[in-house]
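Please walk me through this structure, taking the contacts of its rings and then one of its sheets.

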Amino acid sequence: MKNKAYPYCTPPQISNIKEMLNRVAVEKPDSTAFVYPCETGEMKKTYLDFKEDVYAFGTWLYSKKYKGGKHIAIVGENSYEWLVVYFAAILGGNVAVAIDKGLPDEEIVTLGKIGEVDVAFATNTYFEKVNKKVGKKAFNLKDLDNILAEGRKLLRENREAGKDEFSDFVVNGDDTACILFTSGTSGVSKGVELTNTNIAYEIVHTSMLYEPYGGVLAVLPFHHALGIVVGVLMVINYGQPIFINKSLRYVKKNMEEFGPQTMFLVPMFVEFFHKQIWAEVAKKGKTQAFKGLMKSTDLLLKAGVDVRKKTYGSIQKVFGGKLEYIICGGAALDPMYVREFRTWGIEILNGYGATECSPCTAVNRPHHHKDGSVGHLVPGIEVKTTDEGELCFRGGLVMKGYYKNPEATDEALKDGWYHTGDLGYVDDDEFIYLTGRKKNLIILSNGENISPEELEQDIARDDAVNEVLVYDEGGKIVAEIFPVEEHFGDTAYFEKLKDKVNKGRPIYKQIVRVKLREEEFIKNASMKIVRYKNVPNYNQPAHTSEEDY
């Protein structure tokens, strides 16, 4: 199929996720909803099973007086239990407060206070992080089966008495459904309030750009907007099976076992897989031959001959043998990765958004994509750029605001437009391109503005580079690099790389100094480098940074 515009997909229409779950449980009661690891090996839940578990848990919550807008925190690794709590909270008119399990104890406590948590639920591994510290009471999700048993009994009794309060509760679209915390690259996390309408709008309209038709491996953390809304809720709306990855150490194993058709990832994963593939090729001494094979593959593909499945079967086998699409968001991705994975028979569809936009505002489509863009605008929303080139969005997926933070809300939302802090432009076909981060700009004494991302991308392409950060230090552009282990301290190599990157660039855009480090940069939950903790003199105007895309 040629790469060109075609009609949007037609996902099921919903006004809230309670309506969505009720519908899919009726339409596909026996279809697999979730597959996940457990002590005895592997557990499967159908869509009807999931609905019954959610309603039992919700009924139990009501019996404990957790209703009427109570704030319910969830802390833990990706798990079926996590999702039951999330759905039960929202479907009963409460607010799910998703907190990153990996944060230091004191930060988890702080976010619990910011989100005004009433009660907390945590998986067994993280229970001590929240017990007596977050909310007035905490429950351990290792006791889920007991809670569900009690909830089912209550549900039966309520129905027999004709007072099924949880089931009969009607969701209000304007009410807050969940609070998700921004990644905090500026050092201050804010609680993003997403309403029931925000989430439903995102599910329906973003799904018009892409439709999964096979299993999805859920790798991204559920406390992250991309992980929960895109990686789980959109898939449920289409009634496809979701395989829950509990830990990153099992990703490779899960891919091989589950054979997903789609994965939702952040660039870190793509870059890791890419380096592993090339490392295996190099180990066999076939780098040049492999590059030649890839060129031949691309030429054949342009001529309409697709030999990728047969030629790159060993690579595709690593991903389970059925992987067709990787939806990648959360940070910028070098188009080089998109092109090379396409050659190997796996299409990366780059996307873009922010937690404040529920989160997706754009994504490339199968057979309608532009390399280098972050995707086609989600149907039904508006986009504009300010005089400074900042991207702004307006529409049903834009957040209600930052929870009890009117100053930050007023700064981000102006006349309904969410100001992203990202610099970019929109082409005539409604594809969005990013050029940098407004508050990351390096402003030189001669008045020139430089986006460090441009230099970082070119440096990061080198195989010897694990991570890189470019910033201004004393009026000079510095590139700080965390190399691969075999290049630790190899100043001669990186001086040559500096000269290569500088070649052809005007003097004011050239890197003056390279710094090498022996440990990775500090990152946030989205695996983006936290500039304020890594950049010297961060408090200078040129170095401030808000939440990245």
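The charged end of Arg365 lies over the ring of Tyr6, 4.0 Å from the ring centre, where a charge sits over a ring if NZ of Lys or CZ of Arg is within 6 Å of the ring centre and within 35 degrees of the ring normal. Lys190 likewise has its charged end over the ring of Tyr402, at 5.1 Å from the centre. This is a predicted model, in which local features need pLDDT of at least 70 and side-chain atom pairs count only at pLDDT 80 or more, while totals for chains, interfaces and linings use all residues. Residues are numbered from 1 along each chain as its sequence is written, and side-chain values use heavy atoms, with hydrogens and water left out.

Rings can also pair with one another: those of Phe, Tyr and Trp (its six-membered ring) pair if their centres lie within 6.5 Å, and planes under 30 degrees apart count as stacked, over 60 as edge-to-face and the rest as tilted. The count by this rule is 29 aromatic pairs. The rings of Phe121 and Phe139 are stacked, because their centres are 5.2 Å apart and their planes are at 15 degrees. Phe482 and Phe488, by contrast, form a tilted pair, with 6.0 Å from centre to centre and 40 degrees between the planes.

An open sheet of three strands has the order β24-β25-β26 with mixed pairing, where strands (E, at least two residues) are DSSP runs numbered from the N terminus and two strands pair if DSSP finds at least two bridges between them. Strands β25 (residues 476-483) and β26 run parallel and are joined by four bridges, and Val478 stands opposite Arg513 in β26.
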